[in-house]
Structures are given as C-alpha cells and as structure tokens.
Amino acid sequence: MTDHTRTTTPVHGYGPTAVGVTLSACAAQDAATVFAVLCAAYETDRGPDDRPAEDATVWLTTVDVTPEAPRPAPTLLTAPVTADLQGGHDALDHLRATLDAAFEVTETSATPGDQEHAVELRLTGRA
C-alpha cells in the first residue's frame, strides 16, 4: 500500500503542492474562465490579468494548492474544456475539489503512479 502523505520531494519537477494544468480543445475565452477560477483560489504562475492567446490551442499553468482555497461558485463555460492535470496525489485531490465546485467534471482518463498522478478531465459549465 502506498503512503500518499505530503513530502518535500518534487514530483516530476513539481513540488509536492504543485499541479501542472494543461487546457485544450476549447476557446481562449473558456480557458480564461478556468484560469480565473484557479487564480482566485490558488497561487499560479499566471497573473490575474493574463489572458490566454486567442490563436493558441493549448494553455498551461502551474498551480500551488496551498493554502487550502475557498470553494468557488458554480461557473459557466461556453463549451466543454479538456483539462490535463499532473502532480502529487494530495495536490491533485485539492485541485479536483475546487474544479468540482466550479464546474461539472467528468474524468476521461487517469494514469496513477507511485508518487504522481495524471488525470484528464472534461469540464462543462455549472449554473
């Protein structure tokens, strides 16, 4: 059985409280909405006024899930967003809970690991 307690060991370049987030298969407007939810809840490597480029097809950020964030309000999207998350088990659990509060979340794939986890989510708006 694996112990999923927090450590100070980086997980594939991410610290134990960091999650890499990749958004794709969506419009820049919806990527901006998801990033706004993440920036309001956590510290990220994006500024609050950092808008995703309109001509991009993939948008990236790294989120530090400490301290624990207040849960966001339900948030609308114009179309579904694909979110790929990678990080430690605890960090992903925290981020997933935040996304679950803001959006309808469907897990489309998952790759568990000993110290890390990767998951693909489909986010749709929640009224």
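Contact here means heavy atoms within 4.5 Å, and the model shown in these views is predicted.

**View A. The sheet, strand by strand.** Six strands make up an open sheet, and reading across it gives E2-E3-E1-E4-E6-E5. The pairing is antiparallel. E2 (43–44) and E5 sit at the edges with a single partner strand each, so one side of each has no neighbour in the sheet.

View B. Glu 43 stands opposite Asp 64, which belongs to E3.

**View C. Helices on the sheet.** H1 lies across E1, E2, E3, E4, E5 and E6, and runs at about 5° to E3. H2 packs on the sheet too, touching E1, E3, E4, E5 and E6, with its direction at about 155° to that of E5.

**View D. The largest nonpolar core.** This core has 30 residues, and the ones touching the most other members are Leu 23, Leu 85, Leu 95, Leu 99, Phe 103 and Leu 123. Elements giving two or more residues to the core include the helices H1 (28–41) and H2 (89–102), along with strands E1 (18–24), E3 (58–64), E4 (81–87), E5 (103–112) and E6 (117–125). H1 supplies the largest share, at 7 residues. As a rule, nonpolar side chains in soluble globular proteins tend to be buried together.

**View E. Around Leu 99.** Setting aside residues up to four places away in sequence, Leu 99 touches Leu 38, Leu 85, Val 105, Leu 121 and Leu 123.

Methods: Residues numbered from 1 in each chain as written. Predicted model: local features only at pLDDT ≥ 70, side-chain atom pairs only at ≥ 80, totals over all residues. Heavy atoms only, no water. Core = buried A, V, L, I, M, F, W, Y, C linked by side-chain atoms within 4.5 Å. Buried < 20%, exposed > 50% of the residue type's maximum accessible area, 1.4 Å probe, protein only. Helix = DSSP H or I, 4+ residues; strand = E, 2+ residues; numbered from the N terminus. Pairing = 2+ DSSP bridges. Axes fitted to C-alpha atoms, helices over the stretch in contact; angles between N-to-C directions.
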